[in-house]
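This report is written for a reader who meets the structure for the first time. Please look over the sequence and the model before reading on.

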Amino acid sequence: MAKENVTSEDVARLANVSQSAVSRTFTPGASVSERTRQRVLDAARELGYRPNALARAMISGRSRLIAVLVAYLDNHFYPQVLEILSRAVQERGYQVLLFLTERGTQDQMVQKMLQYQVEGIVMASADMSSSLARECADTGIPVVLFNRYVTSSLSSSVTSDNVGGARMVTELLIAAGHQRIAYIAGTEDSSTNQDRESGFLQAMERGGLLPFRRLVGDYTSEGAARAARKLFDNGELPDAIVVANDHMAFSVIDVIRDEAGLRVPEDISVVGFDDVPEAGWGGYKLTTVRQPADVMIEETVRILFDQIERGEVERRAVIVPATVSVRRSARLPDPGSVARIIEAG
């Protein structure tokens with residue numbers, strides 16, 4: 001018998017069980033005795049049978065697919081997130097369907113995602129229009145914005161405390177005596193950048209300081225490098241730079257060292273946001289705000305599957321506390337002051 005022609009009926013006949021027992025054996029979470037399960041698996045192995053997930057989805061109306069939309073993967077925070085998220089989804093018997101999009105094309109890509117009968121959507125570094133969010137809600141498909149939020153949207157959201165994290169790391173710089181603190185922004189219209197810049201400005205106001213300069217890196221290495229070069233296009237230099245994420249902070253440090261011939265942190269302190277694995281590398285030792293990706297994903301998965309299982313879509317917003325990973329890229333106050341500022345949040 002050719003393997004491609006093997007059906008669940010053939011497996012049931014060889015295992016001497018019902019066809020529904022075969023179906024339950026290959027359905028995650030379904031009830032089947034261990035003895036029956038082993039007989040079915042032995043028969044399937046002998047016949048070379050593989051269940052057709054797509055056919056099963058058409059019959060049951062359950063695709064067990066979670067669509068994940070990512071706008072870019074250059075920032076190493078997102079590959080880390082995808083790995084943890086994929087494992088968490090698979091543990092629940094679902095699979096991730098990954099889609100990549102460009103800025104401004106998210107809605108078109110979501111329409112394509114819906115053609116796959118996905119049961120839920122996670123949007124990382126991307127968002128969707130309010131009208132499309134309403135369409136998803138009306139059809140019972142929960143949507144969670146990861147590391148983003150849109151106030152007017154029906155989509156749920158999970159973020160870290162972007163405002164508090166940026167405020168905290170800026171307060172550390174001020175407490176260490178920095179006076180000329182610049183800010184390099186990410187994408188102007190993203191909620192993450194807006195909140196991080198808000199936290200930065202709050203700390204500056206509390207410290208009685210004005211931003212030294214404000215430039216835009218657009219969350220890209222190239223944009224951050226251009227912004228850093230502009231910081232050195234006149235006489236006075238910053239003594240510290242708050243950068244809206246680690247991906248850009250690495251470029252800023254490279255420009256300071258390799259092009260301006262200055263030292264980090266002796267001449268200029270640099271801090272970032274995310275705490276990606278590379279932040280701990282010896283060449284950077286970046287002091288940065290840590291986004292707890294594992295906790296954020298845990299909350300994302302909890303919201304998503306709670307709504308899938310209940311069959312009800314509702315907007316929920318979760319903000320996960322952030323902290324600071326202290327390394328060597330910034331001159332900071334004494335350890336006691338650092339601990340007090342971090343503890344105060």
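With the side chain of which residue does the side chain of Glu299 make a polar contact? The partner is Arg302, whose side chain lies at 2.2 Å from that of Glu299; a polar contact is a pair of N or O atoms within 3.5 Å, where within protein one must be able to donate a hydrogen and the other to accept it, and residues adjacent in sequence count only if both atoms are side-chain atoms.

## Basis of the report

This is a predicted model, in which local features need pLDDT of at least 70 and side-chain atom pairs count only at pLDDT 80 or more, while totals for chains, interfaces and linings use all residues. Residues are numbered from 1 along each chain as its sequence is written, and side-chain values use heavy atoms, with hydrogens and water left out.

## Overall architecture

The protein has 13 helices and 12 strands; helices (H or I, at least four residues) and strands (E, at least two) are DSSP runs, numbered from the N terminus. Its C-alpha atoms fill a box of roughly 85 × 40 × 35 Å along the principal axes.

Of the 345 residues, 50% are buried, where buried means under 20% relative accessible area, exposed over 50%, and partly exposed in between (1.4 Å probe, protein chains only). Among contacts between residues at least 6 apart in sequence, 69% join residues at least 24 apart; a contact means heavy atoms within 4.5 Å.

## Helix 5

Helix 5 contains 15 residues and spans 22 Å from its first C-alpha to its last, close to the 21 Å expected at 1.5 Å a residue; the expected span is 1.5 Å times one less than the number of residues. Its buried residues are Phe77, Tyr78, Val81, Leu82, Leu85, Ser86, Ala88 and Val89. Viewed down the axis of helix 5, the buried residues fall within an arc of 165 degrees, so they line one face of the helix; the arc is that of the directions from the helix axis to the C-beta atoms. An α-helix has 3.6 residues a turn, so residues three or four places apart point the same way.

The face of helix 5 turned away from the buried side carries the exposed residues Arg87 and Glu91. The buried residues of helix 5 pack against several elements, including strand 1 (65-70), strand 2 (95-100), strand 3 (120-124) and helix 12. After helix 5 comes Gly93, with a positive phi near 80 degrees.

## Helix 12 and Glu299

Helix 12 has 18 residues and reaches 26 Å between its first and last C-alpha, close to the 26 Å expected at 1.5 Å a residue. Among its buried residues are Met296, Ile297, Leu304 and Phe305. The elements that cover the buried residues of helix 12 include helix 5, strand 5 (156-160) and strand 11 (317-320). Helix 12 is followed by Gly311, whose phi is positive, near 70 degrees.

Glu299 belongs to helix 12 (residues 293-310) and is buried, with a relative accessible area of 17%. Apart from its neighbours within four places in sequence, Glu299 is in contact with Val158, Val318 and Val320.

## Aromatic rings

Seven aromatic pairs are present in the structure. Rings of Phe, Tyr and Trp (its six-membered ring) pair if their centres lie within 6.5 Å; planes under 30 degrees apart count as stacked, over 60 as edge-to-face and the rest as tilted. The rings of Phe77 and Phe146 have centres 6.3 Å apart and planes at 25 degrees, so this pair is stacked. Phe77 lies in helix 5 and Phe146 in strand 4 (residues 143-146), 69 residues apart, so that the pair links distant parts of the chain. Both Phe77 and Phe146 are buried.

The rings of Tyr183 and Phe200, with centres 5.0 Å apart and planes at 25 degrees, are also stacked. Tyr183 is in strand 6 (residues 181-185) and Phe200 in helix 9 (residues 191-206), so the pair ties together parts that are 17 residues apart in sequence.

## Backbone exceptions

Most residues other than glycine have a negative phi, and most peptide bonds are trans. A cis peptide bond, with omega about 10 degrees, joins Val264 and Pro265. Gln117 has a positive phi near 55 degrees and is exposed, at 58% relative accessibility.
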